[in-house]
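The following exercises are to be worked with the sequence and the three-dimensional structure at hand. Each task is followed by a stepwise solution.

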Amino acid sequence: MTSPQDTHGGRPAEDAAPAPLIDDDAEPDLADIRWVDAGAMLVFWVLAFVVFLQFFSRYVLNDSIGWTEEIARYLLICTGFTGAVIAVRKDSHIVVEFFYRWLPRGARRVLSGAVDIGKVVFFAAATWITVDLAQRTKQKMASIEVSKAVIYWIVAACFLAMTVYAARLAWERLRGPGGPLVQGPDTGDEAPTRAGID
């Protein structure tokens, strides 16, 4: 067994540089990508193309294409909402874990269930509101003759997908052990963590 002085060129191990958080040589894990994520990927790459076209026309051709700025803005909105669908499906949205740390397991289960129900209600209400907004919108985009309602319908579809995924996740947690925030020691000495968060 080597001592801390033997490694790191005579420096103690605690003085050594910390390991990088991201291993650049590691292969990306694509096991959790599903066919439903294709929409988000497609919107992202269309956005990348439109932004490149805007940059190329403005700085290389010195003759900016007028519609690229507005369309890039709307595509960025769609990218955000389609990405949020992926985050809900994977249960990877940011969560405040502080209260779970100090509660006993039964209270953690109740709190987690209330949060899950709250998410489903919020996404369902947001779906209702955006559908209503899409139906009322008659205004067209400034640069092209397309109704702005198209963007609201895409957002409504994303909220509907988030509602379905959140409801499925809540149902699975209700029937099962309750998820990684609920599981953990009853003493509260060790904080339970979500999958993928250390």
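**Exercise 1: An aromatic pair**

At 10% relative accessibility, F159 counts as buried. The structure is a predicted model.

Task: Classify the ring pair of F81 and F159, and state which parts of the chain the pair links.

Solution. 
1. In the pair of F81 and F159, the ring centres are 5.4 Å apart and the planes stand at 65°. Planes over 60 degrees apart count as edge-to-face, so this pair is edge-to-face.
2. The pair links distant parts of the chain: F81 lies in helix 2 (residues 67-90) and F159 in helix 5 (residues 149-175), 78 residues apart.
3. F81 has a relative accessible area of 26% and is therefore partly exposed.
4. F81 and F159 belong to one aromatic cluster together with F122 and F123.

**Exercise 2: The span of helix 2**

Task: Compare the span of helix 2 with the expected value, and describe the residue that follows the helix.

Solution. 
1. Helix 2 contains 24 residues, for which 34 Å is expected at 1.5 Å a residue.
2. From its first C-alpha to its last, helix 2 reaches 35 Å, close to the expected value.
3. D91 follows helix 2 and has a positive phi, near 55°.

**Exercise 3: A nonpolar surface patch**

Task: Locate L61, and decide whether L61 is buried or exposed.

Solution. 
1. L61 is placed in the loop between helix 1 (38-60) and helix 2.
2. Its relative accessible area is 52%. Exposed means over 50%, so L61 is exposed.
3. With F52, F55, F56, Y59 and V60, L61 forms a nonpolar patch on the surface; together they have about 660 Å² of accessible area.

Technical notes
Residues are numbered from 1 along each chain as its sequence is written. This is a predicted model: local features need pLDDT of at least 70, side-chain atom pairs count only at pLDDT 80 or more; totals for chains, interfaces and linings use all residues. Side-chain values use heavy atoms; hydrogens and water are left out. Rings of Phe, Tyr and Trp (its six-membered ring) pair if their centres lie within 6.5 Å; planes under 30 degrees apart count as stacked, over 60 as edge-to-face and the rest as tilted. Helices (H or I, at least four residues) and strands (E, at least two) are DSSP runs, numbered from the N terminus. Buried means under 20% relative accessible area, exposed over 50%, partly exposed in between (1.4 Å probe, protein chains only). The expected span of a helix is 1.5 Å times one less than its number of residues. Patches are made of residues with over 30% relative accessible area and no salt bridge: like charges are joined within 9 Å, nonpolar side chains (Val, Leu, Ile, Met, Phe, Trp, Tyr) within 5 Å. Accessible areas come from the Shrake-Rupley method with a 1.4 Å probe; for residues, only the protein chains shown count as cover. A salt bridge is a side-chain nitrogen of Lys or Arg within 4 Å of a carboxyl oxygen of Asp or Glu.
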